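Please look over the model below before reading on.

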Amino acid sequence: METFPEKKSVALRRIAVFPIQRVDPDEVVDNALRCPICGTIVNVGSVAPQAEKVVEDVFIRSIDKTEKYEIVPPERVHGVFQRISANSLKAPLKELLMKSGQELGADAVMYGYVYRFRERRGFAYGTDQAASVAFAMHLINARDGSLIWRGIFDKTQLSLMENIFQAFAFYKGKGRWLTAEELTEEGVLEILKTFPNGQ
């Protein structure tokens, strides 16, 4: 497996966001997958259509609100990546991401996966199936390919009867069942608590 060594300290202002990738559960053995960027084991499940776009939009919106970073949009990053990868067919992912980030004048490239995105079945105050979301975001140094930061969220909303320890989270959601997008918003806010400060 390709490695992305960790390196925490980097001046960070311009971030190139690569389009978030969806993981097909049919291509995974035993519903578990080792993340190819950070090596974390994640439980994979069904991924609703356009789920990667939902996660991507929520993440970019949340980063924009901080007003600390300049974001290079996914469409532009993907175009540069495709051109570079067409000229370097056997190059590893890390090298392609570095080259793309450098060409775009970015300090880092954001690369993420959606592993599970299951919508709730039912309504806000009564549901047959709770929303379930799992995604991972990685911030990769455009200069040396090191992993600056990673944020992993993996949650299925549980009722109070299922888990009394989630009482605060359930009441924070006003005692109702969240949609998959609302659960994603909660997850993005959670992982961004450890996001490096812009410099």
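1. How many residues does helix α2 have, and how far does α2 reach from its first C-alpha to its last? Helix α2 covers residues 74–87, which is 14 residues, and reaches 20 Å, close to the 20 Å expected at 1.5 Å a residue. The expected span is 1.5 Å times one less than the number of residues.

2. On provenance: this is a predicted model, in which local features need pLDDT of at least 70 and side-chain atom pairs count only at pLDDT 80 or more, while totals for chains, interfaces and linings use all residues. Residues are numbered from 1 along each chain as its sequence is written, and side-chain values use heavy atoms, with hydrogens and water left out.

3. The protein has five helices and 10 strands. Both are DSSP runs numbered from the N terminus (helices H or I, at least four residues; strands E, at least two).

4. In α2 the buried residues are P74, V77, V80, F81, I84 and S85. Buried means under 20% relative accessible area, exposed over 50%, and partly exposed in between (1.4 Å probe, protein chains only). Seen down the axis of α2, the buried residues fall within an arc of 130°, so they line one face of the helix. That arc is taken from the directions from the helix axis to the C-beta atoms. The face turned away from the buried side of α2 carries the exposed residues E75 and N87.

5. The cover over the buried residues of α2 includes β1 (14–17), α1, β5 and α3 (93–103). A contact means heavy atoms within 4.5 Å. Among contacts between residues at least 6 apart in sequence, 71% join residues at least 24 apart.

6. The structure holds seven aromatic pairs. Rings of Phe, Tyr and Trp (its six-membered ring) pair if their centres lie within 6.5 Å; planes under 30 degrees apart count as stacked, over 60 as edge-to-face and the rest as tilted. Y69 and F195 form an edge-to-face pair, 5.4 Å centre to centre with 90° between the planes. Y69 sits in the loop between α1 (51–66) and β5 (70–72), and F195 in the segment after α5 (180–191), 126 residues apart. Both Y69 and F195 are buried.

7. The ring centres of W149 and F195 lie 4.7 Å apart with planes at 75°, so this pair is edge-to-face. W149 belongs to strand β10 (residues 147–156), 46 residues from F195. W149 counts as buried at 4% relative accessibility, and F195 is buried at 9%.

8. One aromatic cluster is formed by F18, F81, Y111, Y113 and Y115. F81 is also one of the buried residues of α2.
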